[in-house]
Amino acid sequence: PARSPAVVSCLALLDARAGEILAAVRAMLGEPPAGDESDVAHLVFERPQLRVKWERHGEFVSLTLVRPLAEASLAALERFPSAFGALAPDELAQLPGRLIAAADILLLPQAGNPPDEDLLGRWFDRGALAGARILDGQASLFADFVVHGDAEGGGRSRWLVLDAGMGAAQTARLVQRLIEIEVYRMMALLAFPLARTAFPQLNAIEHRLAEITSATAALHGQREATAAQQEERRLLDELTQLAAEVESSVAATAFRFSAASAYWNIVRARVSELREARIGDRRTIAGFLSRRLAPAMDSCAAAARRQEELSARIERASALLRTRVDVAREEQNQRLLAAMERRGKISLRLQQTVEGLSVAAITYYIVGLVGYAAKGLLSAGVPVNVEAVTALTGPQGITGLPP
């Protein structure tokens, strides 16, 4: 719970382990070190006139400080207060990690009408100031989304909440929404530099893909088969390289783009929960964010879509080229099979010829041997008709075939 007058200050740290930040916070507050706190999601430290909350998030760690104020009027303030003023500046500098967002949220009771332009101009940039009545008129909210670098508010944005009848729990929920708007919009914007870097790369890849597609279309009129096949393989190699470049870009940015989309959805949900009503012609918080932040988020979403579309287009172009290569390979395989069939038939004929010659040669030798035997028998006085015996042992006699 929180009640006005008070100031709530928050910061978010990246690129550091949550345990290291928690240990630094304990040392900063003079708390003794604890045991294993790897599963701790948040801790609250109570000090006189100060409440410190450490909280672990998915990508970052937040630190929230709540400090009551003696001043209840904006006009009575000499400088914009910050709960971090209760800590030494060098202690904050010793916190590990990279600061991604920080804000001071000033809670004051509203007396009468909202403050005039001159009073608001003391603490906010008039050209960027946005404000509205929120929560069905129970409070007024002002912010300029500028990082101020003077006095205690150095390096933090400023929010002013004028309480017109909120309870302590409702005030705490409002402060939580404002912290989430401040931190999550900065976390969402981490994807914008990646999108700006990705667009020129995607443009170059799209140009190369268009050239490859045109070259593929030109292959249909080419009559030289060998040259066409070589060109198809070259184009397929280029498409494979393009696919690798796109997948590398997706791997480097997919998480950041999806996280930006999730953070942006949270910011829009929190802004809608404010239930803003316009004060005169002043722009609202939702109007400011939709004009300044929404285009950046649309650019990130467009970069992610272009990556997916390019990947799909490259896959389709690769499929077309692979089809051409497969068809050419099938035709080549058919020619090889036809040649193998012709060689098989020739080999079979040669084998039949060789077998026939072998039969003739063997028959010749057998006939000769039988003839010699018959002549020997005739010389020995055996009445043998040598010519008849030789004729019977010829091809017709051996095989039994008719002459």
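Which residues of α1 are buried? They are Ala18, Ile21, Leu22, Val25, Arg26, Met28 and Leu29, where buried means under 20% relative accessible area, exposed over 50%, and partly exposed in between (1.4 Å probe, protein chains only). They cover an arc of only 160° around the axis, which puts them on the same side of α1; the arc is that of the directions from the helix axis to the C-beta atoms.

This is a predicted model, in which local features need pLDDT of at least 70 and side-chain atom pairs count only at pLDDT 80 or more, while totals for chains, interfaces and linings use all residues. Residues are numbered from 1 along each chain as its sequence is written, and side-chain values use heavy atoms, with hydrogens and water left out. Helices (H or I, at least four residues) and strands (E, at least two) are DSSP runs, numbered from the N terminus.

**Helices**

- Helix α1 (residues 18-29) has 12 residues and reaches 16 Å from its first C-alpha to its last, close to the 16 Å expected at 1.5 Å a residue; the expected span is 1.5 Å times one less than the number of residues.
- The cover over the buried residues of α1 includes β1 (6-14), β2 (42-47), β3 (50-56), β4 (61-68) and α2 (89-93).
- Glycine 30 follows α1 and has a positive phi, near 75°.
- Helix α4 has 22 residues, and its reach of 32 Å from first C-alpha to last is close to the 32 Å expected at 1.5 Å a residue.
- Most of α4 is covered, with 16 of its 22 residues buried.

**The sheet**

- An open sheet of mixed pairing is formed by 9 strands in the order β2-β3-β4-β1-β5-β8-β7-β6-β9; two strands pair if DSSP finds at least two bridges between them.
- β2 and β9 (277-278) stand at the edges with a single partner strand each, so one side of each is left without a neighbour in the sheet.
- Strand β5 (residues 98-109) pairs with β8 in the parallel sense over 7 bridges, and leucine 107 stands opposite valine 161 in β8.
- Helix α4 packs on the sheet, touching β1, β4, β5, β6 (130-134), β7 and β8 (contact means heavy atoms within 4.5 Å).
- The direction of α4 makes about 150° with that of β5; axes are lines fitted to C-alpha atoms, for helices over the stretch in contact, and angles run from 0 to 180 degrees between N-to-C directions.

- In β7, 5 of the 5 residues are buried, so the strand is largely enclosed by the rest of the structure.
- Both faces of β7 are covered, with Ala139, Leu141 and Ala143 buried on one side and Ser140 and Phe142 on the other.
- β6 and β7 pair in the antiparallel sense over 5 bridges, and isoleucine 134 stands opposite alanine 139 in β7.
- The hairpin of β6 and β7 has 4 residues between the strands, and leucine 135 in it takes a positive phi near 55°.
- β7 and β8 run antiparallel and are joined by 5 bridges; aspartate 163 in β8 is the bridge partner of alanine 139.

**Aromatic pairs**

- The structure holds 6 aromatic pairs; rings of Phe, Tyr and Trp (its six-membered ring) pair if their centres lie within 6.5 Å, and planes under 30 degrees apart count as stacked, over 60 as edge-to-face and the rest as tilted.
- One of these is the edge-to-face pair of phenylalanine 60 and tyrosine 184, at 6.0 Å centre to centre with 70° between the planes.
- Phenylalanine 60 lies in the loop between β3 and β4 and tyrosine 184 in helix α4 (residues 168-189), so the pair ties together parts that are 124 residues apart in sequence.
- Phenylalanine 60 and tyrosine 184 are both buried.
- The rings of phenylalanine 145 and tryptophan 159 have centres 5.3 Å apart and planes at 80°, so this pair is edge-to-face.
- Ring pairs link Phe60, Tyr184 and Tyr263 into a cluster.

**Backbone exceptions**

- Most residues other than glycine have a negative phi, and most peptide bonds are trans.
- Serine 4 and proline 5 are joined by a cis peptide bond, with omega about 0°.
- Aspartate 15, in the loop between β1 and α1, has a positive phi of about 60° and counts as exposed at 61% relative accessibility.
- Arginine 275, in the loop between α6 (225-273) and β9, has a positive phi near 55° and counts as partly exposed at 40% relative accessibility.
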